[in-house]
Amino acid sequence: MKVKLLFASAVSACFELENETIYYAEKEFDVYLDGKLAIKGEKRNVFSIFNLEPGRSYVLKVGDFELPFKTEDVSLTLHMKDFKRGSYPNDDNRIAAAIATLPPKGLLVFDEGEYHATNIFLKSEITIELKKGATIYGNPNVEDYTVYPGEVDDGKGGKKQLLTWEGGPLQGKPSLIHGCYAHHVRLVGEGKIDAMADKSVFWINVKKLGYARPRTIYLLECEDVRLHGVDVGNSPSWTIHPYFSKHLGFYDLKIHNPKDAPNTDGLDPECCEDVEIIGTYFSVGDDCIAIKSGKIYIGKTYKTPSRHITIRNCYMHEGHGAVVLGSEIGAGLVDLKVERCFFEHTDRGLRIKSRRGRGKDSVLDGIVFKNIKMQNVLSPLTMTMFYFCDPDGKDEWVQKKTPSPIDDGTPYLGSFLFENLECRDCEYALGVFYGLPERPIGKIVIKDSTFTVKENAGSGHPVMMCDFPECGQRGFIFVNVGEVELENVEASGFKGEEFDLTNVGSLKRK
């Protein structure tokens, strides 16, 4: 049983079994650290060890396999309990004082207890550790937040993005954990971050608030940021939102929001590069993971796609979509690999949402889903180029099903590979792939996969677009697709035709 080190901070380490199983190991196993039992009866492929000492070498052992590793060095350790609260009603000032005091490679420890903050602003080269039993609570009082501009002049004749909402600049409230231009930051531990949005106005009349709601964790143009182990929930909107950031890692997190909480996506990398999301549990009120790159203004201006993203050994328990691309995808997405994940009770497995007007830079290509298990997912695979978002989303030029001229606003979906999928108890449709008539989806390959429809399946809309009828127990629907290749695909329980093809260039089946 081989093990690899995913990440080591100064005080924690995360590991992954090198196997082909999905989320769970074939059998329980024990983990030893320097010859002492550290974890008894671990079941998951990804596991963690906390409360390590900085700058120390260790040896991990699983079965007969041994793995040496070393924690990061620390220059100074500070404890929040040593910084006493003044007359200010929450802990903002003393947290800010502690962070400001940290030198490069400094460690700030939140020991067991409660901490209350409106905003915690990160800086470079620090580690923040949340011990087990430590909880950082957000501020539900909206009047205590400052207002951030969405966009400012950069002094060079251009603009600088500071805060966005659904793909465009908009003034709003800074986040509970707010990082700007920071590098080499670690947020780790067994503690919790509760943003307290359930006690605020952030989930009430959300379209009339007039500002961008806070995220729980927001990273603006940050580099080499790693989150490990923490439990994050009750987010005002998107829970973790990295924006124009790179070299990011999210390991063994627990992200949860109520099922009916509006816009509470789990983790939304936007215009980000080199991102790992591994071993993380999601149960949220919107999409579990949504990969974005802005609307057409962001895409056309900055031409920064999201790229080189790995999602592996994650568990999506509830959410609108397990892994979602778009709809704010103006600069495109290149090289996404989703492997060895378990989707349960999500509305969709893969969900692609785009539309006319996203722009010629909105190219999605090189997308791979491999070794995925889905259980009770309404529609496992969905793509639509007619998503009816935005004020003009239902206008005739967006929704018409006859060809439009190809122009600077025409997006493109390239190649998609789905391999070794096991999708059980589907309901609305096994798959819907709906491209533009003027620019069909390039290529869909499905191989070595099994799909079954629930016997008492309900009906609904598998894709969010005008004129697509409510349906139930449907097979695969392909509309405006260049090539479809199916190899060793088994489907059962559907009604009607297994494959419904409209304007499909070629269908190959083995």
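Trainee: How does the lining of the largest cavity divide into nonpolar, polar and charged residues?

Mentor: This is a predicted model. In it, the lining of the largest cavity has five nonpolar, two polar and three charged residues.

Trainee: Which residues line the largest cavity?

Mentor: The lining consists of Arg 348, Arg 351, Ile 352, Lys 353, Thr 382, Met 383, Thr 384, Pro 462, Val 463 and Met 464.

Trainee: Which element gives the most to that lining?

Mentor: That is β33, with four residues. Both β33 (346-353) and β35 (379-384) supply at least two residues each.

Trainee: And what volume does the largest cavity have?

Mentor: About 50 Å³.

Trainee: How many cavities of 30 Å³ or more are there?

Mentor: The count is two. The second largest cavity holds about 30 Å³ of space, and its lining is Gly 138, Tyr 145, Leu 176, Ala 195, Pro 214, Arg 215 and Pro 236. By class, five of these are nonpolar, one is polar and one is charged.

Trainee: On to pockets. How much space lies in the largest pocket?

Mentor: About 710 Å³. Its lining has 30 residues, and those nearest the centre are Trp 165, Glu 166, Lys 207, Asn 263 and Tyr 387.

Trainee: What classes do the lining residues of the largest pocket fall into?

Mentor: There are 13 nonpolar, five polar and 12 charged residues.

Trainee: What about the second largest pocket, what is its volume?

Mentor: About 380 Å³. It is lined by 19 residues, and Arg 44, Ser 48, Phe 50, Glu 190 and Asp 252 are the closest to its centre. Two or more lining residues come from each of β4 (36-44) and β5, and β4 gives the most, with three. The lining divides into nine nonpolar, five polar and five charged residues.

Trainee: You mentioned β5. In what order do the strands of its open sheet run?

Mentor: The order is β1-β2-β5, with antiparallel pairing. β1 (3-8) and β5 (46-49) are the edge strands, each pairing on one side only. From one strand to the next, the twist averages 25°.

Trainee: How many bridges are there between β1 and β2?

Mentor: Five, in the antiparallel sense, with β2 covering residues 13-17. Ala 8 stands opposite Ala 13 in β2.

Trainee: Last one, helix α1. Which of its residues are buried?

Mentor: In α1 (residues 92-101), the buried ones are Asp 92, Arg 94, Ile 95, Ala 98 and Ile 99. What covers them includes β8 (76-79), β9 (106-110), β10 (113-116), β11 (120-121) and β12 (126-130).

Conventions
Residues numbered from 1 in each chain as written. Predicted model: local features only at pLDDT ≥ 70, side-chain atom pairs only at ≥ 80, totals over all residues. Heavy atoms only, no water. Pairing = 2+ DSSP bridges. Axes fitted to C-alpha atoms, helices over the stretch in contact; angles between N-to-C directions. 1 Å grid on protein atoms, 1.4 Å probe; cavity = no way out; pocket = protein on both sides within 12 Å on 5 of 7 lines; lining within 4 Å. Points joined across faces, edges and corners; volume = space filled by probe spheres on them. Nonpolar A, V, L, I, M, F, W, Y, C, P; charged D, E, K, R; others polar. Buried < 20%, exposed > 50% of the residue type's maximum accessible area, 1.4 Å probe, protein only. Contact = heavy atoms within 4.5 Å.
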